[in-house]
Amino acid sequence: MQEIIRIARTMKESSMTDATGYDPYALPNDAIQEPPVTLWAALRKIGPGIILAGTIVGSGELLLTTSFGANYGFVFLWLILYSCVIKVFVQTELGRYAISSGKPTLGAINELGGPKFGANWILWWWFIMMLTTIFQLGAMTGTVGQALNLAFPQFSVFLTSSLQSIWPNLASVVHEHPEHPWAVLTCLTAIGLLWSGNYRRIEIITTILVVGITISTVTATLLLPWTPYPIPWGEVVSGMAIQLPHLDEGNKAIAAAFAVFGITGVGAAELFYYPYWCLEKGYARCVGPCDASADWERRAKGWIRVMYLDAWVSMVVFTVSTVAFYFMGAAVLHPQGLHPEGVSMIETLSRMFVDTFGGWTKIVFLVGAGAVLFKTLYLSAAGNGRLVADFLSLSGATRYSAAVERSRVIHYLSLSIPVIALVLFLTFKEPKWMVVVGGFGQALTLPIITAATIYFRYRKLDRRLTPNVIIDILLWIAFVSITVVAMYALYNQLEKNVWPLIDGLFKSPSVQPTP
């Protein structure tokens, strides 16, 4: 019996080594491949951008973008489109450098100058930002719980009655917060999917979810003309022009606009993820180690074209999804004066479907909303697990002597992130505020990663692979736009929260006159 157990354990360890021993960041010569020459062949090689689109279309789009449309109508349609498009030029230049150098984001940044505390200071900044984005994941966990509780309310009722006799305190908690059991189940489901979360599995699951969610949301939007809330095309055309809201709501709307720019489209977190997904897809392996040959240059340019196709296909996908969510909020909720917020946020958002297509669509929306948010939770945990594992190595906290060791660390980090997100939701319980925390962290980080991208472009990139002048101009426009938004976000938060707090701490108490 002991011999059988020993053989089984050996087979299990051998299987794990085969699965995790593959090193996506190595550039062996036997992995070199010629780039595809036809559009169809190139389309079959895309994938990292679809994973990115799955990460992007989440809490920002479902919660903030839809709320933005509900609050202000179509006034800022131009901003939504601009936000989705302009940041892709930063994404593609990061991808270009990763493919040409074979280095993931954090590894490349760690080679930059500046103060180092084990790792480059930018890596520590990223780590802090990553912690704020886990607040967003907590919001997603809780909102999935809210959606599923609204869809299947009897589950929590049954659970409460079952626990009443054996664990009355827990039964009381479930009764007061019926979304909590669903949030726990969401966490456990994410852990189950991440347990064997190799790149191929992540890509397949994401593609299915992204295609399904995009088709359903776009279909609902296209059917609006045959509902009580047809699309007001005059307002849509007006919303394409750069404009500001009425003066009486200007400051509030402008602040919201800056927040939406920071969180829609490709955010700072996604910019850090993208080179990792490109490397795991195998783009850099197919190019091979950099050398002075014309063959390397030809392969590099060919696979960079594939990466561009991947990025722009994903841009179309997440832009269409984002605009569809925005249209539903602006066309259905805005005319009724409905504002999604607080514990009734998902209930209010469901009115987009219930008020237009009937009560039967409520459960469809609730399950779909849960899928949207769960998808982002799942992918963000997978992406952050890879970056944190890299950060631990670069900061000197650990060393990986083999690819299998890195894979094990990625595995356990990815599993821990949904648990942390669940704890944050159970602690703070306010999804919209938690999304804003993560959005603020990303808004401040965007200028830093964009500046690093510009540095790679002009100082590190192989001269044979430099982009054309139009892409350079658009990259600089992205940098300026992103920096202005970050400065405003910082100023706005200081004015609203930090200065009043400091003033309250140091303000001298009033002196009472002596009687």
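Reader: Before we start, what do buried, exposed and partly exposed stand for here?
Author: Buried means under 20% relative accessible area, exposed means over 50%, and partly exposed lies in between, with a 1.4 Å probe and protein chains only. This is a predicted model, where local features need pLDDT of at least 70 and side-chain atom pairs count only at pLDDT 80 or more, while totals for chains, interfaces and linings use all residues. Residues are numbered from 1 along each chain as its sequence is written, and side-chain values use heavy atoms, with hydrogens and water left out.

Reader: Is Ser 350 buried or exposed?
Author: Ser 350 counts as buried because its relative accessibility is 2%.

Reader: And where does Ser 350 lie?
Author: Ser 350 lies in helix α18, residues 345–357, where helices are DSSP runs of H or I with at least four residues, numbered from the N terminus.

Reader: Which residues is Ser 350 in contact with, leaving aside neighbours within four places in sequence?
Author: With those set aside, Ser 350 is in contact with Lys 362, Phe 365 and Leu 366, contact meaning heavy atoms within 4.5 Å.

Reader: What about Leu 349, which residues does that one touch?
Author: Not counting residues up to four places away in sequence, Leu 349 touches Leu 62, Leu 63, Thr 66, Leu 333, Pro 340 and Phe 365.

Reader: Changing topic, where is Val 367 found, and why does Val 367 count as partly exposed?
Author: Val 367 is found in helix α19, and Val 367 counts as partly exposed because its relative accessibility is 37%.

Conventions
Helices (H or I, at least four residues) and strands (E, at least two) are DSSP runs, numbered from the N terminus.
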